[in-house]
Structure formats: structure tokens, C-alpha cells
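This report looks at aromatic packing and at one helix contact. The structure comes next.

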Amino acid sequence: APLSHHKLEILMAKELTDDMKSDRKFTVTVTSPSDCKRVLALQISKEEVEKEKARAVEELRRDMKVPGFRKGKVPLKFIEKNYGPVIHQDAVRNLLPAILDEALIGEKIFPVGDPKFENLKAEEGEDITVDVEVEVRPELDIKDYTGVKVVVEKRVIEDKDVRETLERVAEQKAVLEVVDRPAKEGDFVLIDYAPVLPDGEVDLTNLAENYPIDLGAEAVLPEFRKALIGLSTKEEADVTVKYPDDFPEKELAGTEKIFHATVKEIKEKKFPEINDEFAKELGEQFESLAVLEGQIKEDLEKEEEKRRAHDIEEKIVDSVIAANEFDVPEAMVDNYISSILEQDKKRRPDVPDEAEREKEVREHFREAAVRTIKKFLILDAIRKQESIELGAKDVEARIEDLTKDAGDKADEVR
């Protein structure tokens, strides 16, 4: 395979050493059908092909076993006569990537994806000609990136924001207590349930026992929520569920099923009282509720500053993108979305149709991928235009900023 983009950059960053240099005979003509594409028209001399065939023959000869000849001693003419087409194919296959690498280095072209070979002509006794299309990062001269004005409102942190944060913390500290009353919205209920067969009998072979349901969760099927609210412990109910057409489990999508449910236990969330004692339990530095509220407000204001700074940056980027129209290499878009697909597969269960899922993900994230790549290319171009260089201290400072809130995962983030 041709050299990677990274390896090509390394080779071009320093002079080629003697063992990197080559006396191979070929010519290359480069055309640019678009900002992101280069086509290298290669012509490799027939003498070069013959040299490569000679190398291929010697390699084949070393391991060849033919009755009547010792290993490695098979006559060259015998090999050429009986394996000529195979040797020619091997020579072409070996030459193309090697010559392409030399041509890319010589022409200072950095591919961002795999090469595409077209119009290959490789007849025996003739020069090899081939057109190789590669995608490259566009050469950008960014304009209108200074003095950009954007409007981003700054949200003032109010007492209600602090209170909502306190309530969320209190909810995290809540405990579940068994209650002797009918279930209501927000309760946790423990049920046994099983499907009802067409003849009306309960299918106890598929009984699910002690199944927990949060009646306040959005993910709970509405039929179950409606049926369970108002029931007391040991009470039973039949639940008719109509699964939507887009239900994730394809075998259930669009179907209707009846379940028989029995309430085993009802639990209610008990929230701690938000007072000085509550504050002290969160840390010895919070000697009173007022101190805790002050810290929460300060943290919320810092978060708001970060959000606003991020929104300002993104609006500036959008403005610069709008002022500098250019295409991005499809290979970069594909690589970006492929990384999203890998993460998607790790975070979710298997789906019946992986190909359809991949298609949906690619369509959904394409626009975001193009914008992300444009942002990267623009910032890199501006860095070069402004002669901005990052030193080791800059990198270390950024790493420290990224890891300061990572806790035990700081080494992993680093």
C-alpha cells in the first residue's frame, strides 16, 4: 500500500537519505480537477518493468520446487516460460505503489485517503501507464477572519437557577421507602408480569418477576404507567400495549400484546430537606446552606462563561465558513463518520439491520462532519497564515486544562 499521509509528511520534512533515493525511470504529470483532487498520470518505463520482473523471478526461484531440479536452482528460462504472466502481474503490482510513493513525495502531494487507480495499461514489453486520483486537503487562503462581530446573549444566573441545582442534588440524595398506599406518578413499583395467550390464559413460562418500573420515567410505556397508577400492593391488572411502528425491537413494532401484571411493592422517593445540615453533608467546606448556595452560583456563572465563550467561537467559525466557500475531501468526511459509527456500535446493542443503521448514521451526521472538517481546515490555515506555532508548554497547558476535572481518569484523558 502507498505510504500514509503521516509518513509522507515525515519524509518530506527531511532530505531523503541515500537508501530512500531511487533511480527508477518514470514520468509524472499532475493535474488538479478540483481543489481537493489531484490526478497523477504515471508512465513507468518498460526497462523498469523488466528490472522488477527480474527481481520477481529471483524471488520465485529461491523457494520453487520442481522435480528434477534442486530447490533454488530451477533455470530462469523455465520459470519465465511457465510463469511469465504471473511474474508480469507481480511486477506491476509491486511497481505501482512504490512509484506512486516516489511521485507523491517528489510532487509534495499529501493524500488524505486511499488512491484510485484508473486507465491502467500494462502490456508485456511496453511502458506502464496509469492515472492515479488522490484526495488532498484544499490549499486555503482564509479571508475575513479578523474583526468578526457576533452577538451572543449572556444569561444572568438567578436564585431560581441555584434552587433548581439544589433540588437536583437533593434528588440524587433521595432514598426509596416502601409505602402502603396506591401507586402514583413518580413512584417506583416492583411487579411480576407475563404475556396473556390468545385463549386468555397467562403464559407463566415467560413470567418476569420483581421487575422495577419508574412511573416517572419517560421511557416507560404509557399503557403500563396508566394501568399501574392507582393500584395497591398485591393488586392485579391486564395491560394492553400497542407498540408503535418505530419501536426499536422490530418483532414488536406495530403489534398489540396483553400482559398480566401484579404489584409486588410500591416505593416513594423521600427527598432530604434542603437546609444547613444538608449543606454540611455535602462537604465540610459548606458550613451553611448560604455558603453552598454561593458556591453553586459561582460554579453556574463559570459554566455560563464557558458556554458563552464556546457559542461565540462557533458563531465566529460559522461566519468565516460562510465567507470562505470551499469543498472538503470526501475521505475526511468518511473517516470522521466512520469514527462515529465505531462509537455508536460500542454504545448500543446489536440491531437487526446494521447496513440500514449505518446509512441512517451517515445521513444524520454528514452535515456536522463537513462543518467540523471545515472548522479544522480553516483554523489550521489561519495558524499558518499568522505563523502561529505551538510549543511544548502550550500543549502541556492544554492537557492540564482538559484533565483538571477528570479526577481518577486524568491519566486516561492525558
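The model is predicted: local features need pLDDT of at least 70, side-chain atom pairs count only at pLDDT 80 or more, and totals for chains, interfaces and linings use all residues. Residues are numbered from 1 along each chain as its sequence is written, and side-chain values use heavy atoms, leaving out hydrogens and water.

**Aromatic pairs**

Rings of Phe, Tyr and Trp (its six-membered ring) pair if their centres lie within 6.5 Å; planes under 30 degrees apart are stacked, over 60 edge-to-face, the rest tilted. The count is four aromatic pairs. Two of them involve Y193:

| Pair | Centres | Planes | Class |
|---|---|---|---|
| Y193 and F224 | 5.9 Å | 75 degrees | edge-to-face |
| Y193 and F259 | 5.8 Å | 70 degrees | edge-to-face |

Y193 lies in strand β6 (residues 188–195) and F224 in helix α5 (residues 222–228), 31 residues apart. F259 sits in strand β9 (residues 256–270), 66 residues from Y193. Helices (H or I, at least four residues) and strands (E, at least two) are DSSP runs, numbered from the N terminus. Y193, Y211, F224 and F259 form one aromatic cluster.

**Helix contact**

E313, E314, V317, D318, V320 and I321 in α7 meet R371, K374, K375 and I378 in α9. Contact means heavy atoms within 4.5 Å.
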